[in-house]
Amino acid sequence: MRALPGKRRAALPAAITPQLATLVAAPPAGDDWLHESKYDGYRILCRVARGRVTLASRNGKDWTERFPAVARAAAALPVAAALLDGEVAVVGADGRTSFGALQNAAAGGGTLVYFVFDLLHRDGIDLTGVPLEARKQALRALIGGGRTGTLRYSEHVVGGGEAAFRAACRARLEGIVSKRRDAPYVGGRTRTWLKVKCAHGQELVVGGFTDPEGSRAGIGALLLGVHDADGRLRYAGKVGTGFMQAAALALRERLDGLRAPASPFLERPPGATHAHWVRPLLVVEVGFTEWTSDGRLRHPTFRGLREDKPATAIGRERAPPPPASSRRRR
């Protein structure tokens, strides 16, 4: 391995605390940062020791048996010892990663990929003190830059964070992760790795709510739904974040005036033992990251009450498929 500033000789560690990104509202500006796609999957540390591979989750659990294809691909790398950091995700036909698809990976559909974005150790050399961009160069030299296969190098762009974020959101990706090009690898949540998420929006019908807990006031969570093609209200999940206290109290007053004796949803929401049901007349707007395969909102956040649409008109909004020419270019 060529000379790298900050490298040192050290034994391959048995485990390491992964570096975590801090959520921010907008990407950082300037050429001191590089920007990667934010993959929607499981964070995995991959340890290779004389052909034996261990895949560890973010909280240190051994998930090697969960992703045997990744383990086999890592075992074939031309190293005696290595420690890689990346994300295991399922890539769909549209080129996007999907957490919902990953949950159902055993049923087929999509391609399981380990997107590797960092190299922390190789053959007796600890690289955590090496600047990120140099670590990524060493990583690319190890696994190559191909866009097929189970192990794939996580590409990046330098500078232009706002443009990179807009491009990610246009492509309906989860967002981007921005990293300081000159920073070492530091375990735990840091400000040298930042994440920005692309949020989708949807109007939903309120069918119930739960009581607040602790210091919260007004409501705990709203139980939400959308109408299907037959006009039936289908449960779509609950939202319990994004409420200002005044708005939550005002919303609770309106919901109390709409109390109903039974659930308006076609299927009873799971875990709704202590829910209060309401007539499905109120519409709210919610931000979220994606729909799951079972029709639930992922990471929903309350945005506000909508007064401009009748509840009966609210159905699930679906993005149109990309043009045929776009699909051929992928």
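How many residues does helix 5 have, and how far does helix 5 reach from its first C-alpha to its last? In this predicted model, helix 5 covers residues 245–256, which gives twelve residues, and its end-to-end C-alpha reach of 16 Å is close to the 16 Å expected at 1.5 Å a residue.

The secondary structure of the protein chain consists of six helices and 20 strands, and its C-alpha atoms fill a box of roughly 70 × 40 × 35 Å when the box is taken along the principal axes. Of the 330 residues in the protein chain, 47% are buried. Among the contacts with a separation of 6 or more, 68% are made by residues 24 or more positions apart. The chain exposes about 16,300 Å², and 51% of this area is supplied by carbon and sulfur atoms.

The C-alpha atom of A250 is separated by 7.6 Å from that of G218, although the two residues are 32 residues apart along the chain.

Helix 4, formed by residues 161–170, has G161, A164, F165 and A168 among its buried residues. These four cover an arc of only 100° around the axis and therefore fall on the same side of helix 4. The buried residues of helix 4 pack against strand 3, strand 10 (156–158), strand 11 (175–180) and strand 12 (188–197). Just after helix 4, R172 adopts a positive phi of about 60°.

In helix 1, which spans residues 68–75, the buried residues are V70, A71 and A74. Their directions cover an arc of only 100° around the axis, so that they are placed on the same side of helix 1. The packing partners of these buried residues are strand 4 (42–49), strand 5 (52–57), strand 6 (81–91), strand 7 and strand 9 (151–153). The loop between strand 5 and helix 1 contains E65, which is exposed, with a relative accessible area of 77%. E65 and L55 are ten residues apart in sequence, and their C-alpha atoms are 8.4 Å apart in space.

Backbone torsions in the loops were also examined. Most residues other than glycine have a negative phi. Against this background, D123 has a phi near 45°, which is a positive value in a residue other than glycine. D123 is placed in the loop between strand 7 (111–122) and strand 8 (125–126), and its relative accessibility of 35% means that the residue counts as partly exposed. A positive phi, near 55°, is likewise found for H299, again a residue other than glycine. H299 sits in the loop between strand 19 (297–298) and strand 20, and it counts as partly exposed at 38% relative accessibility.

A further loop position is that of A26, which lies between strand 2 (19–23) and strand 3 (33–37). A26 and R189 are 163 residues apart in sequence, and the distance between their C-alpha atoms is 17 Å.

Terms used. Residues numbered from 1 in each chain as written. Predicted model: local features only at pLDDT ≥ 70, side-chain atom pairs only at ≥ 80, totals over all residues. Heavy atoms only, no water. Helix = DSSP H or I, 4+ residues; strand = E, 2+ residues; numbered from the N terminus. Buried < 20%, exposed > 50% of the residue type's maximum accessible area, 1.4 Å probe, protein only. Contact = heavy atoms within 4.5 Å. Areas by Shrake-Rupley, 256 points an atom, 1.4 Å probe, with all protein chains shown as cover. Expected span 1.5 Å × (residues − 1). Arc of directions from axis to C-beta.
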